[in-house]
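Subject: Structure handover and what was found in it

Dear colleague,

I am passing on the structure that we spoke about, and I would ask you to keep it open while you read the notes that follow.

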Amino acid sequence: MNMPVTQRLIKLHETQHNLEDYQAGVPRWCTGCGDNAILAAVQRLCRDEDLAPERTVFVSGIGCSSRFPHYMKTYGFHGIHGRAFPLAEGVKMARPDLSVFVNTGDGDCCSIGAAHWIHAIRYNMNLTVLLHDNHVYGLTKKQASPTSPIGLKSNTTPRGSTLEAMNPLTVTLGVTNCSFVAQVVDWIPELLYDVIRAAYLHRGFSFVRIIQRCPEFLPKMFEPWLQDPNRTLLLSHRNGLQISPELSRTYKNQIEHDPMNMDRAREIASSEDPIPVGILYNNPAIPCYEDLRSVASMRTFEQIRAGLETELDKVTVWPE
Ligand SMILES: Cc1ncc(C[n+]2csc(CCOP(=O)(O)OP(=O)(O)O)c2C)c(N)n1
Ligand code: SF4
């Protein structure tokens, strides 16, 4: 386009979005709920990456965390419990040009939605997945989830849960075509932002487990980690995250971890204490399903319609 530089600059200025361009409504989450911090980090990311609201979609299932799309002034789909992944995959398949995010709770993803989760990893579609892992069912008022720690007293486990918690990181790392796995906590905003940004920039199924506080039902759950920074292990690498000097002053427990090293990623992922935060695995070479089955090679709407008409004509009984 042959446009004078001044006009181009004006146009650039006009399309640069502010935080307010992504903010919708007043979140109904409890005060101190980690979902608020996740929302703030995501809105900042959208602003910094200048994501066009009309080309951005947030898809969720059901749960407190799944209310996320309501608070984004973008497109959104508040789906049904456990079905965020197939819904998001449908959107991405039809419109690979859109930025698609998935917000899912530990009940939504790891319990009722577990089968969809496993297959979504294998399909490796370009989705940014945020697992809001508060270790409990929040919306339905405190039932044990697959990530609840053993012994947790809840409405479904009044004498304490009997099973060891599932680790969503090691599960994801164990599935064919896994391409990006990270972990972060809601109470370190700088890292929360950096990890979500790295996930967004990765082309493929980027899975971020966010350890999220639920002050309403598990008010003391993460207190030991908040009190003692040495119980958080920061992962840094030139191909992963670079940790700022400010953060390093508080969080001294750090290791170098190459995100291409799957064996080491699995080892690190299995640690519950200290909590490892950063990028565990990143392999950009895994192909995305939407590229393998590119929309161009799929049938057009007219072709599908003609095919259906032909099939239906075979069984249609025409009036005499
Ligand atoms: C098919 C179906 N089963 C059960 C429910 C009830 N239900 C709604 S949300 C939820 C669990 C929410 O927990 P989680 O996914 O961890 O999200 P959180 O509320 O903690 O963010 C359940 C069991 C439902 N809505 N639909
Ligand atoms: S119940 Fe828990 S998860 Fe739900 S909004 Fe309140 S603090 Fe957040």
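Let us begin with Ser-66, which sits in the loop that joins strand S1 (56-60) to strand S2 (75-78); helices (H or I, at least four residues) and strands (E, at least two) are DSSP runs that are numbered from the N terminus. Before going further, please note that this is a predicted model, in which local features need pLDDT of at least 70 and side-chain atom pairs count only at pLDDT 80 or more, while totals for chains, interfaces and linings use all residues. Residues are numbered from 1 along each chain as its sequence is written, chains are lettered from A and ligands numbered from 1 in the order in which they are written, and side-chain values use heavy atoms, with hydrogens and water left out.

Is Ser-66 buried or exposed? Ser-66 counts as buried because its relative accessibility is 0%, where buried means under 20% relative accessible area, exposed means over 50%, and partly exposed lies in between (1.4 Å probe, protein chains only). If its neighbours within four places in sequence are left aside, Ser-66 is in contact (heavy atoms within 4.5 Å) with Ser-60, Gly-61, His-78, Asn-103, Thr-104 and Asp-108.

Ser-65 belongs to the loop between S1 and S2, and with a relative accessible area of 7% it is buried. Its C-alpha atom is separated by 9.2 Å from that of Gly-34, a residue 31 places away along the chain. Leaving aside neighbours within four places in sequence, the contacts of Ser-65 include Trp-29, Asp-35, Thr-104 and His-132.

Thr-104, which touches both Ser-65 and Ser-66, lies in strand S3 (residues 99-105) and is buried, with a relative accessible area of 0%. Its side chain makes a polar contact with the side chain of Asp-108 at 2.9 Å; a polar contact is a pair of N or O atoms within 3.5 Å, and within protein one must be able to donate a hydrogen and the other to accept it, while residues adjacent in sequence count only if both atoms are side-chain atoms. The side chain of Thr-104 also reaches the backbone nitrogen of Cys-109, at 3.3 Å.

The next topic is the ligand.

The whole structure holds ten aromatic pairs, where rings of Phe, Tyr and Trp (its six-membered ring) pair if their centres lie within 6.5 Å, and planes under 30 degrees apart count as stacked, over 60 as edge-to-face and the rest as tilted. Trp-29 and Phe-68 form a tilted pair, with 6.2 Å from centre to centre and 40° between the planes, and this pair links parts of the chain that are 39 residues apart.

Lastly, a few backbone details may be worth a look. Most residues other than glycine have a negative phi, and most peptide bonds are trans. His-135, however, has a positive phi near 65°, and it is buried, with a relative accessible area of 8%. Asn-177 has a positive phi of about 75° and is partly exposed, at 30% relative accessible area. The peptide bond from Asp-273 to Pro-274 is cis, with omega near 5°, and Pro-274 is placed in the loop between helix H10 (262-269) and strand S11 (275-282).
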